[in-house]
Every structure is written in structure tokens, then in C-alpha cells.
Amino acid sequence: MDLNTVLDVRDARHREPWRPGDAWLGGGTYLFSEPQPHVRRLVDLSRMGWPPLSWQPDGSLDIAATCTITELSRFARTLPAAAAPLFEQCCRAFLASFKIWNMATVGGNLCNGLPAGPMISLTAALDGTVLLQGQDGATRRLPVTGFITGAGTKVLRDGELLRSVRLPARALACRTAFRQASLHGLGRSGSLVIGAVDPADGSLAVTVSAATTRPFRLWFPLAPTAAELRAAIDGAVRPDEWFDDIHGLPAWRRHMALLQAEEIRRELTPEEHR
């Protein structure tokens, strides 16, 4: 897509004042996929030199906003953590070509805020937090589940930048289960549910996304019964928060999410507690 309203492309390292019509440019797989009539200038992040993935002293993992899906997938193949398989499962949920994988970024997927965004699903399920940086250099950290507020909406302020996502060490040690459903074999996710069991205390987190307008992470200190899990999901997700578009009706999405959540509960819960 030729963005014929764009008049200039600037290097983000120069930190020039933000102007109306500016847009951050990561991999560009969304920006160049459709017209952007409101954009006048692109601020390119590709030369920022941020390490794609870095370990913190407390064992948590930072994923740079500019980390590509290819880089994340390759890293996860050697990741010494119980949750490692979940990374590849969510990368595969893109159902995209290698060309997209090589350019699309984790930060771009989060900032698009689309219900089917698999990096949203991954980071929300692993209790991730985003680091946001304003034009004045001030930073703030929010949970991924609080960063996305609806279908395509998030809490980014004007000119604010998503710098990275942090996954805590405790979440990386979780045993996980993954379920994804689409209306078509190679279609966009209509429902994506992830379960994670904390080995330290046996608690269970169930994250519902794609079926809903924003990700919902439900935490249970003890393994829930089937009825308790179903009631928790229906209590958390309002009727108007089941997403409705060409990739699935709300009733179907709710049905699939509840079915997948129960499958995950049974997979991750010891037989004597089911």
C-alpha cells in the first residue's frame, strides 16, 4: 500500500517533537496494509538498537517492542522454561507467511489491539506488563490486560511509545495449555484460550482472548470446578464484550471459549480435583 499522505520518514533516535499526524513505524505490516489518511509522518523505530529479548536479574524476560515474530520463535526453541511451547503456539496463531514473520513486531501486534492478536494472548496469559514511554521521557508500567481496553483500543496517550513487555519468572515456570479455534482452517482466531498452572502454589490462570473484545485473565487460587469456571467467565465478560465480526458471531465465540476453557481445566487439573 502506498501511503500517499506521508510526507516524511524520521529516525526515532533523533527524538524530534511529536506532531499531529505522526505514527510510530515498527515492522510496518499493519501500517502498509491499508490506507492511513491521517498519517503525515512516520517515526521509524528500526534503528533504535533495542535487544529483542533480554533477561532481567530477577529472572523475568523483557521482549522489546521491535522484536519480530521470527526472533521470538527462534528464541523460544531454546528457552529453558516450562512455558516455552506456548510461545511457538502463539506465533503459529498468526497464520502468516515468513515475510510477515520477519517484519511483524510484538509491539505492533499489541498496539493494534485487535482481539485476534496472538502476542496479546501470549503476554496476557503469562501475566505480562507493558512499559510505556511518553514524549517527556516519563515511563509507566501497566498489565497487558489493562493496556488493551477494547477491539482496537488501548490506553496509549498521544505520542506515547510501547517500549517493551515484561514476563515474570514465575509465569515462565508455569505449565500451560493452549486452545485456538477459527471458522476456517486458515482463518483468523475466533477464540483463543490459554491456561497456566503456577508450580509454586498450584493456582490456575485462564486467559480468554480473540473471542472477546479484550483479553480476560481469570485467576483461581484453587482448581475450579467446571461450574465455577463457567460462572467466572460469564461473570467477567459482559454480553457486549463477546466480539462480533465476519470471523465469528458472539454466541459461537462464547460457546467455543467455554468449551476450550473446560478442556484446559481438565488438562491442567489433577484428576482427583476435577
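## Exercises on Cores, Cavity and Aromatic Pairs

Leaving aside residues up to four places away in sequence, Val106 touches Ile63, Ala64, Ala65, Cys67, Ile69, Leu72, Met119 and Val165, where contact means heavy atoms within 4.5 Å. The model is predicted, with local features requiring pLDDT of at least 70 and side-chain atom pairs pLDDT 80 or more, while totals for chains, interfaces and linings use all residues. Residues are numbered from 1 along each chain as its sequence is written, and side-chain values use heavy atoms, without hydrogens and water.

**Exercise 1.** State which residues have the most contacts inside the largest nonpolar core.

*Solution.* Begin with the term: a nonpolar core is a set of buried Ala, Val, Leu, Ile, Met, Phe, Trp, Tyr and Cys residues joined through side-chain atoms within 4.5 Å. Buried means under 20% relative accessible area, exposed over 50%, and partly exposed in between (1.4 Å probe, protein chains only). The largest core has 47 residues, and Ile63, Leu72, Phe87, Val106 and Leu126 have the most contacts inside it. A second, separate core has 19 residues, including Ala211, Ala257, Leu258 and Ile264.

**Exercise 2.** Determine which residues line the largest cavity, and classify them.

*Solution.* On a 1 Å grid over the protein atoms alone, a cavity is a set of points where a 1.4 Å probe fits but cannot get out; lining residues have an atom within 4 Å of a point. Grid points are joined across faces, edges and corners, and a volume is the space filled by probe spheres set on the points. The structure holds 1 cavity of 30 Å³ or more, and the largest cavity has about 40 Å³ of space. Its lining consists of Gly113, Leu114, Pro115, Ile120, Ile148, Gly150, Ser209, Ala210, Thr212, Thr213, Arg214 and Pro215. Next, assign classes: Ala, Val, Leu, Ile, Met, Phe, Trp, Tyr, Cys and Pro count as nonpolar, Asp, Glu, Lys and Arg as charged, and the others, Gly among them, as polar.

**Exercise 3.** Find the aromatic pairs and state their geometry.

*Solution.* Rings of Phe, Tyr and Trp (its six-membered ring) pair if their centres lie within 6.5 Å; planes under 30 degrees apart count as stacked, over 60 as edge-to-face and the rest as tilted. A search of the whole structure finds 2 aromatic pairs. The ring centres of Trp18 and Trp24 are 4.8 Å apart and their planes stand at 35°, so this pair is tilted. Trp18 is partly exposed at 21%, and Trp24 is partly exposed at 25% relative accessible area. Trp55 and Phe75 form a tilted pair, 6.1 Å centre to centre with 45° between the planes. Trp55 belongs to strand S4 (residues 53-55) and Phe75 to helix H1 (residues 69-76), so the pair ties together parts that are 20 residues apart in sequence.

Conventions
1 Å grid on protein atoms, 1.4 Å probe; cavity = no way out; pocket = protein on both sides within 12 Å on 5 of 7 lines; lining within 4 Å. Helix = DSSP H or I, 4+ residues; strand = E, 2+ residues; numbered from the N terminus.
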